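Student: Could you take me through one part of this model in detail, and show how that part relates to what surrounds it?

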Amino acid sequence: MSASAPEQPFMRFYHSEALRHKTLAVLVLLEEAEDPTDHVADLCDVVIELMNSGMDYFFMQPLKESKAGFIVQQSANLGLAGAQQVIGSVIRKIIQRMDEAQLVSVCGSIRRLMV
């Protein structure tokens, strides 16, 4: 399967140029490290930033575009912030327990999602 012709439907999101540069820098750092586990915290940070960016792109931006009321948007912001904290905590616990091969595999998965 080539990257330009996926076999299944997919959705991707746009994120900032700064986050893209940060993501690529962390991937290179981890992939080229003698011991990738030395950079677990950096990978956790990037994965969480990507998750937050994706949730904003797929949920908050459409909500704003729908011209939902202020109270609805604030409620959504509050709920999403709580969810992001819980998911971020789970992400950190999982990634911190990974071995070198698993960390490199996560990097490969992120690269496959990037265009």
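Tutor: Ile94 lies in helix H3 (residues 70–96), where helices are DSSP runs of H or I with at least four residues, numbered from the N terminus. This is a predicted model, in which local features need pLDDT of at least 70 and side-chain atom pairs count only at pLDDT 80 or more, while totals for chains, interfaces and linings use all residues. Residues are numbered from 1 along each chain as its sequence is written, and side-chain values use heavy atoms, with hydrogens and water left out.

The 27 residues of H3 should span 39 Å at 1.5 Å a residue, and its end C-alpha atoms, 38 Å apart, agree with that; the expected span is 1.5 Å times one less than the number of residues.

With a relative accessibility of 46%, Ile94 counts as partly exposed, because buried means under 20% relative accessible area, exposed over 50%, and partly exposed in between (1.4 Å probe, protein chains only). The buried residues of H3 are Gln73, Ala76, Leu80, Gln84, Gly88, Ile91 and Ile95, and their cover includes H2 and helix H4 (100–113).

Definitions and conventions:
Helix = DSSP H or I, 4+ residues; strand = E, 2+ residues; numbered from the N terminus. Contact = heavy atoms within 4.5 Å.
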